[in-house]
Each structure stands twice: as C-alpha cells, then as structure tokens.
Amino acid sequence: MPFEADLAHALDRTTDSLEPDLTALLDGAVRRGRSRRRRRTAVLAGVGVCGVLAAAGLVLPGALAGTRGAGSDIETVALALPRSAITDTQMIRALEQTFPGGRFSGQTGQSNNPSDPSGGYVANGALLVDDGRGPAFVGVSALRLKLPLGDGGGLSCQQTPARAEGDTCTLSELPSSAAVPGGAVVMSERNAAEQPARADTANRWTVTVTLKSTGAQLQMVQWNSTGGGTGADTPKPTRAAPPLTEQQAVAALTGAAWAPILGAVG
C-alpha cells in the first residue's frame, strides 16, 4: 500500500509540539500555509509513528513546541499529554465499529504513552474499508490540545496562501451534551490530491472534532482511494464519495465507539 506517499501531508499536524529531534521530519510538511500556521497532517514522536499517520493522511496539530521555521508563518499549537494510555488495538477496534458490516484490511495503528512523552502524544489507527461501494482508506487520530484553545489546528479555516480551487473548509459548533460536555468545534475539509484537480483525482475528506472543555480532539480522514498522497503518486479514486458523510463522521466520532477514547485522551 502506498502509505509513504502521504508522509509530507502527514507531518503538517505535528510541526509544533513534539521533541526538537524531529525537526528533520518536518521538511516540506508545512507547504500549505495558514494565516498563523500551515495545515496539519499528522503527528507522532517517532519515525514509525509518523509513518502510520502518513498512511492515514491525518491532519494533526503541529509538533515541536516553540519552533518557528525561518520565513514561515507557522504558529505553535501546543499538545498536552493524553490523560490515559490508548492502544493501537483500541483505535483499530473503534474504527471497525465505525463501519459495521464493512470488510477490512491493512489495519495499522499507534499507541500513545502519557507516562513517557517520547513515546508519543497521539494514538491513531488506519485501515482500508470496503462497504460495498469500493475500498477507501480511513484513519483516525486522538490527541489533546492545551487549554485555552487558540487559533490552531482543527480550529480555524483561515489559510495563507488561499486554498486551491475546489478545496473547501467549514467550521461549525456542537452544543454541550453528554457526548460533548462543554460543546465542540467541528472543522470539515475536502482537499484534492493534486492541482489542478481532474475527474480522476482522488480527494481527502477530513473531519476534526475538538472538545472545548478538555481539548480532546479526534480527527477522521477519509480518502476515496486506497491510499493518500499528493500528485500523480496518489492512487486513483475507487469511489465517488467517502464512506461517511460529514454528518455521519461527526456522529461517529461523538458516538459510543469513540467515547472511551475521547475520555482517555481528554
């Protein structure tokens, strides 16, 4: 599976809060700048972890706290250690429960380790799911942002330079409830794998849910192909739309399958 093809995207979301020894991994990871930090696309505290997130094309907040590249417009987005350990098995199981009746392959994941920051701030899981409409690559990450929340990853659609034609981003909020105490911010994005986009260009749909009260954040990335990436190396679409709509993805991330993980991370 062409997981490595999405590594550049997978590092956007870790450019501000992990250990400085990951600086080399950030080269080229912040290509799509935001007004105060560039888009996010993965997060972890090690090469193996980054590979897993790269596979999913996950868009996590930056890693390397306090780091600003010369001439860049990156603003640090601090991560907080998860409150409890989350295993890769838990992440994969929750993903499978999100798609009941689906056929799964290529499962991969990463545990976090709150007792050892070098072991990773983020838990994640990814797999290929076929729901009868064609295989799709799906990944979910779980982390916690430091409070108070600012204009950081998953909290703002503002981006400089402007998004490519056809790429979209919307923000909304969820009211406080038992599932989302204190309410949540929801960011939904769609990005084409290459520009200009063509009829056979794969797309990535990203839904990020961040709890206002704890900073707990879940992010789901769905491709309408068997893997993520950029340009011609990205697998061609296997279906027209992702397995879940935006509304279904939000409902899943705030539902029973992911509730234990939201609680553990926040």
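The model is predicted: local features need pLDDT of at least 70, side-chain atom pairs count only at pLDDT 80 or more, and totals for chains, interfaces and linings use all residues. Residues are numbered from 1 along each chain as its sequence is written, and side-chain values use heavy atoms, with hydrogens and water left out.

**Disulfide**

A search of the whole structure finds one disulfide (a pair of cysteine sulfur atoms within 2.5 Å). C157 and C169 form it, with their sulfur atoms 2.0 Å apart. The two cysteines are 12 residues apart and link distant parts of the chain. C157 sits in the loop between β4 (135–145) and β5 (168–174), while C169 belongs to strand β5. Strands are DSSP runs of E with at least two residues, numbered from the N terminus. The torsion about the S-S bond of C157 and C169 is about -75°, so the disulfide is left-handed. Both C157 and C169 are buried (under 20% relative accessible area, with a 1.4 Å probe and protein chains only).

Eight of the eight residues of strand β8 (residues 216–223) are buried, so β8 is largely enclosed by the rest of the structure. In a regular strand the side chains alternate between the two faces of the sheet. Both faces of β8 are covered. A216, L218, M220 and Q222 are buried on one side; Q217, Q219, V221 and W223 are buried on the other.

Two strands pair if DSSP finds at least two bridges between them.

| Partner of β8 | Sense | Bridges | Residues opposite |
|---|---|---|---|
| β4 | antiparallel | seven | G139 and V221 |
| β7 (residues 203–211) | antiparallel | seven | W205 and Q222 |

β7 and β8 form a hairpin with four residues between the strands. There, G215 takes a positive phi near 85°.

**Cavity**

Rolling a probe the size of a water molecule over the atoms shows where empty space is left. A cavity is a set of points, on a 1 Å grid over the protein atoms alone, where a 1.4 Å probe fits but cannot get out. Grid points are joined across faces, edges and corners, and a volume is the space filled by probe spheres set on the points. One cavity of 30 Å³ or more is found in the whole structure. The largest cavity holds about 30 Å³ of space. Its lining residues (an atom within 4 Å of a point) are A193, E194, D200, T201, A202, G231, T234, P235 and K236. By class, the lining has three nonpolar, three polar and three charged residues, with Ala and Pro counted as nonpolar, Asp, Glu and Lys as charged, and Gly among the polar.

Notes:
Buried < 20%, exposed > 50% of the residue type's maximum accessible area, 1.4 Å probe, protein only. 1 Å grid on protein atoms, 1.4 Å probe; cavity = no way out; pocket = protein on both sides within 12 Å on 5 of 7 lines; lining within 4 Å.
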